[in-house]
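Please read the points with the model open.

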Amino acid sequence: MHLDILTPERKIFNSDIMGVVLPGVQGYFELLDNHAPIVAALGKGQLKILKDKTTQEVYNIEGGFVEMNNNKTIVLIEGAETVK
């Protein structure tokens, strides 16, 4: 699946990935290849990008929205801080 993460200032991620774990307003959820179409509000928490089975990238976010359709995921957020 393809993931784009956008803030008002810039695009912070643009690549093909295995999956993504997102902080929904009512709890965390995961999107993987060929997930059904979805639009959801995001809350404060950690967004985890699963690049492959052993590599992940983590960001702290304050909230936003996610849309997935036809194996393309777009995450719109106010800002993100990389977790080391």
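**Notes on the salt bridges and the core**

1. K11 forms a salt bridge with D4, and their closest N and O atoms are 3.9 Å apart. A salt bridge here is a side-chain nitrogen of Lys or Arg within 4 Å of a carboxyl oxygen of Asp or Glu. This is a predicted model, in which local features need pLDDT of at least 70 and side-chain atom pairs count only at pLDDT 80 or more, while totals for chains, interfaces and linings use all residues. Residues are numbered from 1 along each chain as its sequence is written, and side-chain values use heavy atoms, with hydrogens and water left out.

2. Is D4 buried or exposed? D4 is buried, at a relative accessible area of 6%; buried means under 20% relative accessible area, exposed over 50%, and partly exposed in between (1.4 Å probe, protein chains only). K11, at 45%, counts as partly exposed.

3. D4 also meets K72 in a salt bridge of 3.5 Å, N to O. This pair links distant parts of the chain, with K72 in strand β9 and D4 in strand β1, 68 residues apart. Strands (E, at least two residues) are DSSP runs numbered from the N terminus, as are helices (H or I, at least four). K72 is partly exposed, with 39% relative accessibility.

4. The count of salt bridges comes to three. K51 and E57 form one of them, at 2.6 Å from N to O. Salt bridges that share partners join D4, K11 and K72 into one network. E57 is buried at 19%, whereas K51 is partly exposed at 35%.

5. The side chain of D4 has a polar contact of 3.3 Å with that of H2. A polar contact is a pair of N or O atoms within 3.5 Å; within protein, one must be able to donate a hydrogen and the other to accept it, and residues adjacent in sequence count only if both atoms are side-chain atoms.

6. The largest nonpolar core has 19 residues, and L3, I5, V20, L22, L47, I49 and V75 have the most contacts inside it. Such a core is a set of buried Ala, Val, Leu, Ile, Met, Phe, Trp, Tyr and Cys residues joined through side-chain atoms within 4.5 Å. Elements giving two or more residues to this core include β1 (2–6), β3 (19–24) and β9 (72–77).

7. I38 is found in strand β5 and is partly exposed at 22%. Leaving aside neighbours within four places in sequence, I38 is in contact (heavy atoms within 4.5 Å) with F29, L31, V66, E67 and M68.
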